[in-house]
Amino acid sequence: AAASTFWTASRKEIGRAKEAAGDLSGNDDLQREGKADQTKGKVKEKVDDAKNWVEDKVDKVTDKTNDR
């Protein structure tokens, strides 16, 4: 999970850097690529959050079932 979190944060930061570099250099493709990287990072973050939420709920149900 830590590696996934690191990659997500890195992708967003790399995207910001690409977008800024593209903006400064007038390179629209690089700017768009940076925005896309940021979006991918945000989507991955949301998917990971949802996955963790589901896993927590399953663990709680499993714990309740095992306590019987």
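Predicted model: local features only at pLDDT ≥ 70, side-chain atom pairs only at ≥ 80, totals over all residues.

Is Lys46 buried or exposed?

1. Lys46 is exposed, at a relative accessible area of 57%; exposed here stands for over 50%, buried for under 20%, and partly exposed for what falls in between, with a 1.4 Å probe and protein chains only. The residue is found in helix 2.

2. Numbering starts from 1 along each chain as its sequence is written, and side-chain values use heavy atoms, with hydrogens and water left out.

3. The overall picture comes next. The protein has two helices and zero strands, assigned as DSSP runs numbered from the N terminus (H or I, at least four residues, for helices; E, at least two, for strands). Its radius of gyration is 18 Å, well over the 11 Å that the globule rule gives for 68 residues, so the protein is more spread out than a compact globule. That radius is taken over C-alpha atoms, and the rule is 2.2 Å times the number of residues to the power 0.38. Along the principal axes, the C-alpha atoms fill a box of roughly 65 × 15 × 10 Å.

4. Of the contacts (heavy atoms within 4.5 Å) with a separation of 6 or more, 41% are between residues 24 or more positions apart.

5. Gln38 deserves a look in your viewer. It sits in helix 2, which covers residues 28-66, and is buried at a relative accessible area of 10%. Its side chain makes a polar contact of 2.6 Å with that of Glu19; such a contact is a pair of N or O atoms within 3.5 Å, where within protein one must be able to donate a hydrogen and the other to accept it, and residues adjacent in sequence count only if both atoms are side-chain atoms. Beyond its neighbours within four places in sequence, Gln38 touches Arg11, Lys12, Gly15, Arg16 and Glu19.

6. Leaving out neighbours within four places in sequence, Asp37 has contacts with Arg11, Ile14, Gly15 and Lys18.
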